[in-house]
Amino acid sequence: MDKVTAVRKRLSLERWKSIITECHSSGSPVSRWCKENGICEQTYYRFLKKIRELELDKIPDSLMPVPDEKPVGFKKLEVQIPASGTQAAVIIRLNNAIIEVNEGTSQQTIQEVLLALQSVC
């Protein structure tokens with residue numbers, strides 16, 4: 001890239017930094033502010049993204065937060081035919097618990113039972 005193009009890009013980014021700062025300090029929603037100031041909202045967000053990416057490039061990797069990576073665990077479930085006379089729609093058998101969920105049980109009840117079970121297992 002030649003010097004003229006580099007200077008033009010830098011000035012454009014500085015102009016957009018000023019525009020974005022003005023928008024944020026106005027307190028108005030971006031869509032309304034852009035409409036009132038004759039700025040295309042998509043262009044606003046495109047330059048906002050560019051500026052954020054450039055700022056991120058300035059931060060050393062050692063200071064960047066590391067996302068929490070928790071391994072995903074799966075447990076093999078064995079599906080069995082319920083014994084005759086059983087009313088449960090779902091039966092979960094674990095080493096230290098058996099859970100029977102009847103048809104029509106509320107989602108809230110199931111969630112509460114699973115949360116309680118999570119603390120036990």
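Helices and strands here are DSSP runs, numbered from the N terminus.

**Figure 1. Fold of the predicted model.** From the N terminus on, the elements of the chain run α-α-α-β-β-α. That comes to four helices and two strands. The chain has 121 residues, and 15% of them count as buried.

**Figure 2. The largest nonpolar core.** Twelve residues make up this core. They are Trp 16, Ile 19, Ile 20, Cys 23, Val 30, Trp 33, Cys 34, Ile 39, Tyr 44, Phe 47, Leu 48 and Ile 51. The elements that give two or more residues to the core are α1, α2 (30-36) and α3. In soluble globular proteins, nonpolar side chains tend to be buried together.

**Figure 3. A patch of positive charge on the surface.** Arg 8, Lys 9, Arg 46 and Lys 50 gather here. Two or more residues of the patch come from each of α1 (3-26) and α3 (41-58). Lys 50 lies in helix α3. Its relative accessible area is 39%, so Lys 50 is partly exposed. Patch residues need over 30% relative accessible area, and Lys 50 has 39%.

**Figure 4. A nonpolar patch on the surface.** Leu 56, Ile 59, Leu 63 and Met 64 form this patch. Together they have about 350 Å² of accessible area. Ile 59 sits in the loop between α3 and β1 (88-93). Ile 59 is partly exposed because its relative accessible area is 35%. The cut-off for a patch residue is over 30%, and Ile 59 has 35%.

Conventions: Residues numbered from 1 in each chain as written. Predicted model: local features only at pLDDT ≥ 70, side-chain atom pairs only at ≥ 80, totals over all residues. Heavy atoms only, no water. Patch = residues over 30% accessible without salt bridge, like charges linked within 9 Å, V, L, I, M, F, W, Y side chains within 5 Å. Areas by Shrake-Rupley, 256 points an atom, 1.4 Å probe, with all protein chains shown as cover. Salt bridge = Lys/Arg side-chain N within 4 Å of Asp/Glu carboxyl O. Lys, Arg positive; Asp, Glu negative; His and termini not counted. Charge placed at Lys NZ, Arg CZ, Asp CG, Glu CD. Buried < 20%, exposed > 50% of the residue type's maximum accessible area, 1.4 Å probe, protein only. Core = buried A, V, L, I, M, F, W, Y, C linked by side-chain atoms within 4.5 Å.
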